[in-house]
Amino acid sequence: MTEVIGIGAALFDILMTAEGFPKEDTKMQGSSTKLQCGGPCATALVAVSKLGISAEYMGTLGDDMYGSFIRREFARFGVGCDSVRTVEGGQSFHSFVLINTEKSTRTCIWNRGTLLPPETGDVDLETLSGAKYLHLDGHHPEAAIYAAGKARAQGVKVSLDAGGIYPGIEKLLPLVDVLIPSEEFALAVTGERKAEKAAVVLMERYHPEILVITQGSRGGFIWEKGQAVRYPVYPVKAIDTNGAGDTFHGAFLVGRIRGMTVYEAASFASAVSALKCTRFGAQDGIPGYEETVEFMETNKRR
């Protein structure tokens, strides 16, 4: 049985690095180019697989070059695609990402393509019933809300990477067991100005079993028994931060499946995310389980 099922964004990325950012209407030489698969859900699933837990993607892809590439990348990283529906003549989600190596920043231009989002009929209930977690990222709300309801009815935990406020998110949030929003999301959806106060509102309003608020390079905190418990940050020389947050979500689920406490899982996810930032490629840069454990042992928690 597949342990983590994902429904959400999967896209084709053209990733280019340059020593700076070009001015409008100018030309600039890049230093490297990479084609990769991206998207919050897709990258989280790759992290799950690379860390030794089975993962599968549910959704739709076009039969274009972008969709074909995404399928190949999922296969390369061991993420199942048996529940993916191919849309003839459809253009898949794709983007261009520029990495500024001087400042370790990223700039993205994306195109959603021509695919209609997956429908409730695209959710394989038999496969879903055998999973431990359903992981969502707020994209494809109709299928996500339907799947979340079915998952909870069958005892499958629902995890949400809440990075953006998408249509239908207010209907999805009450169905989430593991809520991991960005600080930006938490403040926007609650109207609060401080992350700790936003955490109080999120818990009172949606009652997730686990709440972790991420704060980028500052790490983040677990909201536990009415208090913010910060998890450790592992400082590294960042080369490519693209996909770091998505990686955190996948690694956190791996930690929980492997029997870690919430704090241990957040610490583990923080280490996986830090290691990923030291390498070029949102998914190629994700480390394995043993490498992460060794990294944590040799880098004291701070």
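This report describes the strands, helices and some single residues of one predicted protein model.

The model is predicted, and local features are reported where pLDDT is at least 70, side-chain atom pairs count only at pLDDT 80 or more, and totals for chains, interfaces and linings use all residues. Residues are numbered from 1 along each chain as its sequence is written, and side-chain values use heavy atoms, with hydrogens and water left out.

**Overall content**

An unreviewed UniProt entry carries the annotation "domain: Carbohydrate kinase PfkB" for residues 1–287; such annotations may be inferred rather than shown by experiment, feature names are shortened, and positions are given in the numbering used here. Over residues 1–287 the chain is 33% helix and 26% strand, with the end C-alpha atoms 24 Å apart. Helices (H or I, at least four residues) and strands (E, at least two) are DSSP runs, numbered from the N terminus.

**An open sheet with a helix on it**

Strands of a sheet pair through backbone hydrogen bonds, either parallel or antiparallel. Two strands are said to pair if DSSP finds at least two bridges between them. In this model 4 strands form an open sheet of mixed pairing, in the order β3-β2-β7-β8. Its edge strands, each pairing on one side only, are β3 (32–38) and β8 (105–111). From one strand to the next the twist averages 20 degrees, where axes are lines fitted to C-alpha atoms, for helices over the stretch in contact, and angles run from 0 to 180 degrees between N-to-C directions. Helix α2 (residues 65–76) packs on the sheet and touches β2, β3 and β7, while its direction makes about 80 degrees with that of β3; contact here means heavy atoms within 4.5 Å.

**Strand pairs**

| Strands | Direction | Bridges |
|---|---|---|
| β2 (residues 11–18) and β7 (residues 94–100) | parallel | 7 bridges |
| β1 (residues 4–7) and β9 | parallel | 4 bridges |
| β9 and β10 (residues 157–162) | parallel | 4 bridges |
| β12 and β13 (residues 220–224) | antiparallel | 3 bridges |

Single residues show how these pairs line up. Aspartate 13 has serine 95 in β7 as its bridge partner, isoleucine 5 stands opposite leucine 134 in β9, and tyrosine 133 has lysine 157 in β10 as its bridge partner. In a regular strand the side chains alternate between the two faces of the sheet. In strand β9 (residues 133–136), Tyr133 and His135 point one way and Leu134 and Leu136 the other way, and all are buried, buried meaning under 20% relative accessible area, exposed over 50% and partly exposed in between (1.4 Å probe, protein chains only).

**Strand β12 and threonine 214**

Strand β12 is mostly covered, as 5 of its 5 residues are buried. Ile210, Val212 and Thr214 lie on one side and Leu211 and Ile213 on the other, so that both faces are covered. Strand β11 (residues 178–181) pairs with β12 in the parallel sense over 2 bridges, and leucine 179 stands opposite leucine 211. β12 and β13 form a hairpin with 5 residues between them, and glycine 216 in the turn has a positive phi of about 60 degrees.

Threonine 214 lies in β12 (residues 210–214) and is buried, with a relative accessible area of 16%. Leaving aside neighbours within four places in sequence, threonine 214 is in contact with several residues, including Ile180, Glu183, Tyr231 and Phe248.

**Helices and a loop**

Helix α1 (residues 40–50) is largely enclosed by the rest of the structure, because 9 of its 11 residues are buried; among them are Cys41, Leu45 and Val48. Just after α1, glycine 52 takes a positive phi of about 100 degrees.

The axes of helix α9 (residues 262–277) and helix α10 (residues 289–298) come within 10 Å and cross at roughly 100 degrees. These two helices are therefore roughly perpendicular to each other, a term for angles of 65 to 115 degrees, whereas under 35 counts as roughly parallel, over 145 as roughly antiparallel and the rest as oblique. Residues meeting in this contact include Phe268 and Leu275 in α9 and Phe295 and Met296 in α10.

Proline 117 lies in the loop between β8 and α3 (125–129) and, at 45% relative accessibility, counts as partly exposed. Leaving aside neighbours within four places in sequence, proline 117 is in contact with Thr60 and His140.
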